Amino acid sequence: MTKPPTPKPLLQNGDKPVRSRPRKPRDPTQPNLPFDPMPARIEPCLALLKSKPPKGDEWVFEIKWDGYRLSVHIEPTGVRILTRGGHDWTDRFPGIKQAAFRLPVGTAILDGEAVVLDEQGRPDFGLLQQSLGGRGGNKSSSDTILFAFDLLYFDGHDLTRMDLSERRHILEDLMEGAAGAIRLSEKIDADGDQLLASACEHGLEGIIAKRRDAPYRSGRLGDWVKIKCIQSDSFFIVGWEKSMAARGQIGSLLLAARKGDHLIYVGSVGTGFKERDVLQLRNMMDKITLKKPPLPYTGARKNVVWLQPTLIAEIEYRAWTEEGKLRHGSYKGLRELQDNAAVYEIR
């Protein structure tokens, strides 16, 4: 009599949650099992910006979290927390580290976004930066929460070749009842247009759409799509305009985008600054001044102090003008180099 087929690995009976074995040394008398080696790092899957949500049952939606992309590696020797650029920030997120230790799993790699929530429970990028000591700071943040939205490795198994729906099944079982510094980013089966409208109404940054049947592929390949309520991108600060009437004398920041190997002036921003932003900005900008502009500039602004293009600002804006300048821009904060911020590129 033939043996009945064995259940699908990891995805067994839906009524029985996946359980991890406790950490313990392997018995050397036991045979080696066909486990996948745990990667030191996986390049993240990135979302492609679109103006409208995609249509069709093959898409599932999530809230777009406004923070820092992190991967949490739960390893036999401890926990590592890596930024999108691969920098080790474990010591800067002690709460997330401790929450990772408490998860019922031996080894795992979680993909998620670290945020700080405001009084209304919305992610606030400025509060996140403040909790970490600002750009270039080295403070540890006790207020940060990781919203986990993917699981790439689980107890010796590489999950990246699985469909998103299968990875989510395991992630949801792992995160069942989780609270505190690591929480599940809920998937939402809804009409994309209605969900986007609701997200914008509640002051959120936007939504993410993901293909249910897609494996986890590094890079910006279209398996994930982001739709924003307000446009938000990263730009170089190439100068600032002095104003005796403004705090710190900063009237506005002059911004640039990339175009191939060149920098292109894309306008200025003079709103969105908080007092702590002004003091921090002025201190950093005074150290990187230039005598000449670092890019072609034909504007008529006066009292401009030119800068080396090393500071990267996150800017919210409504649209682009016909002249290729940002419309109704507002300063959100400075991006960390370790966050691997991608400066906006003009096509």
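Modeller: In what follows, contact means heavy atoms within 4.5 Å of each other. The model discussed here is a predicted one.

Colleague: What does the secondary structure of the chain come to?

Modeller: The chain has 347 residues, of which 48% count as buried. Among its contacts between residues at least 6 apart in sequence, 69% join residues at least 24 apart. The secondary structure comes to five helices and 19 strands.

Colleague: Which residues touch the most other members of the largest nonpolar core?

Modeller: In soluble globular proteins, nonpolar side chains tend to be buried together. The largest nonpolar core of this chain has 33 residues. The members that touch the most others are Val72, Ile74, Phe93, Ile96, Leu110, Leu151 and Ile182.

Colleague: Which helices each supply at least two residues of this core?

Modeller: Among the strands that each supply at least two residues are strand 3 (68-75), strand 5 (108-115) and strand 6 (145-154). Apart from this core lies another, of 24 residues, which includes Phe235 and Leu307.

Colleague: Where do the buried residues of helix 5 lie around the axis?

Modeller: In helix 5 (residues 275-285), the buried residues are Asp277, Val278, Leu281, Met284 and Met285. They cover an arc of only 140° around the axis, so they lie on the same side of helix 5.

Colleague: Which residues are exposed on the other side of helix 5?

Modeller: The buried residues of helix 5 have cover that includes strand 11 (231-242), strand 12, strand 14 (289-290), strand 15 (304-307) and strand 19 (330-334). To count as exposed, a residue needs over 50% relative accessible area. On the other side of helix 5, the exposed residues are Glu275 and Leu279.

Colleague: How many residues of strand 19 are buried?

Modeller: Strand 19 runs antiparallel to strand 16 (residues 312-317), and four bridges join the two. Within strand 19, Ser330 stands opposite Glu316. Strand 19 is largely enclosed by the rest of the structure, because the number of its five residues that are buried is four.

Colleague: Is Ser252 buried or exposed?

Modeller: Ser252 is found in strand 12 (residues 250-259). Leaving aside neighbours within four places in sequence, Ser252 is in contact with Gly239, Trp240, Glu241, Ser268, Val269, Gly270 and Arg301. Its relative accessible area is 5%, below the 20% cut-off, so Ser252 is buried.

Colleague: What is the phi of His328?

Modeller: Most residues other than glycine have a negative phi. His328 lies in the loop between strand 18 (326-327) and strand 19, and counts as exposed at 61% relative accessibility. Although His328 is not a glycine, its phi is positive, at about 55°.

Technical notes. Residues are numbered from 1 along each chain as its sequence is written. This is a predicted model: local features need pLDDT of at least 70, side-chain atom pairs count only at pLDDT 80 or more; totals for chains, interfaces and linings use all residues. Side-chain values use heavy atoms; hydrogens and water are left out. A nonpolar core is a set of buried Ala, Val, Leu, Ile, Met, Phe, Trp, Tyr and Cys residues joined through side-chain atoms within 4.5 Å. Buried means under 20% relative accessible area, exposed over 50%, partly exposed in between (1.4 Å probe, protein chains only). The arc is that of the directions from the helix axis to the C-beta atoms. Two strands pair if DSSP finds at least two bridges between them.
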